[in-house]
Amino acid sequence: MYEDGKGVKKDGKKAFEYYERAAKQGIAPYQCELGFKYLNGTGVEQDSDKAMKYFKLATDQGFDYAMLIQGELHMEGIGVPVDLDKSVKYLKQAARQGNEKAKEMLEYFGLYIDEEGKIKSLTDAKDKLAQAVDTIDISTITDPNMLDSLGVELSCLRSWIHLR
């Protein structure tokens, strides 16, 4: 409201005070917002340590967006040193909460979440598929509905076999 001047006179200082109050009351989205303000130096002196403190407070409450942000910051080395282990840790936490962006980013590390919410390696999945394909004689598959019922397209299977 005060930050955008909607319905009131625009006042960045007052907006920051309200964000800070809400963050101190433990409201995770506002903790995250303060994290961005400190990270970028918006309306306050830039301070990476304070930024990470607020992102961590929101993460500790289970706020998946804060987990995603921490994963990105540790991946890119923004405000913190690059730490891919921490990045994966935070992205896993966010992905387990259903954060789609975190799931996409985990693919960068060759990971995915299975139906049960467990983190799995794409390499392991590809190896298992390769083992399964090795047992199939593609020339005997004449009914595409058989594969369709398994969620596999015949053209994809043929492409996979051809690439191997």
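Me: In this structure, is Ser48 buried or exposed?
Reply: The model is a predicted one. Ser48 is found in helix α3, and leaving aside neighbours within four places in sequence, Ser48 is in contact with Leu39 and Gly79. Its relative accessible area is 18%, and the limit for this class is under 20%, so Ser48 is buried.

Me: Which pattern does the chain follow when read along the sequence?
Reply: The secondary structure of the chain comes to nine helices and two strands. Read along the sequence, these elements give the pattern α-α-α-α-α-α-β-β-α-α-α.

Me: What share of the residues of the chain counts as buried?
Reply: The accessible surface of the chain comes to about 10600 Å², and carbon and sulfur atoms hold 49% of that surface. The chain has 164 residues, and the share of them that counts as buried is 30%.

Me: Which residues does Gly26 touch, not counting residues up to four places away in sequence?
Reply: Gly26 has its place in the loop between α1 and α2. With a relative accessible area of 26%, Gly26 is partly exposed. Not counting residues up to four places away in sequence, Gly26 touches Gln31 and Gln61.

Me: How far apart are the end C-alpha atoms of α2?
Reply: Helix α2 covers residues 28-40. The 13 residues of α2, at 1.5 Å a residue, should span 18 Å. The model agrees with this, for the end C-alpha atoms of α2 are separated by 18 Å.

Me: Which residue just after α2 takes a positive phi?
Reply: Within α2 the buried residues include Leu34, Gly35, Tyr38 and Leu39. Just after α2, a positive phi of about 70° is taken by Gly41.

Me: How many residues apart are Tyr19 and Tyr30?
Reply: Tyr19 counts as buried at 15% relative accessibility, whereas Tyr30 is partly exposed with a relative accessible area of 35%. The pair links distant parts of the chain, with Tyr19 in helix α1 and Tyr30 in helix α2, and their separation is 11 residues.

Me: What is the angle between the planes of Phe36 and Tyr65?
Reply: Phe36 in helix α2 and Tyr65 in helix α4 are 29 residues apart. Phe36 counts as partly exposed at 22% relative accessibility, and Tyr65 is partly exposed with a relative accessible area of 38%. The two rings form a tilted pair, 6.2 Å centre to centre, and the angle between the planes is 45°.

Me: At what distance from the ring centre does Lys53 lie over the face of Tyr54?
Reply: A charge also sits over a ring at Tyr18, where the charged end of Arg21 is 4.9 Å from the ring centre. Lys53 lies over the face of Tyr54, and its distance from the ring centre is 4.9 Å.

Me: Which residues have the most contacts inside the largest nonpolar core?
Reply: The elements that give two or more residues to this core are α1, α2, α3 and α4. Leu34 touches Phe16, Tyr19, Glu20, Ala23 and Tyr54, not counting residues up to four places away in sequence. The core has 18 residues, and those with the most contacts inside it are Leu34, Phe55 and Leu73.

Me: What is the relative accessibility of Ala102?
Reply: A second, separate core of 11 residues includes Ala102, which has its place in helix α6. Not counting residues up to four places away in sequence, Ala102 touches Leu68, Leu91, Ala94 and Ala95. Ala102 counts as buried, at a relative accessibility of 0%.

Notes. Residues are numbered from 1 along each chain as its sequence is written. This is a predicted model: local features need pLDDT of at least 70, side-chain atom pairs count only at pLDDT 80 or more; totals for chains, interfaces and linings use all residues. Side-chain values use heavy atoms; hydrogens and water are left out. Helices (H or I, at least four residues) and strands (E, at least two) are DSSP runs, numbered from the N terminus. Buried means under 20% relative accessible area, exposed over 50%, partly exposed in between (1.4 Å probe, protein chains only). Rings of Phe, Tyr and Trp (its six-membered ring) pair if their centres lie within 6.5 Å; planes under 30 degrees apart count as stacked, over 60 as edge-to-face and the rest as tilted. A charge sits over a ring if NZ of Lys or CZ of Arg is within 6 Å of the ring centre and within 35 degrees of the ring normal. A nonpolar core is a set of buried Ala, Val, Leu, Ile, Met, Phe, Trp, Tyr and Cys residues joined through side-chain atoms within 4.5 Å. Contact means heavy atoms within 4.5 Å. Accessible areas come from the Shrake-Rupley method with a 1.4 Å probe; for residues, only the protein chains shown count as cover. The expected span of a helix is 1.5 Å times one less than its number of residues.
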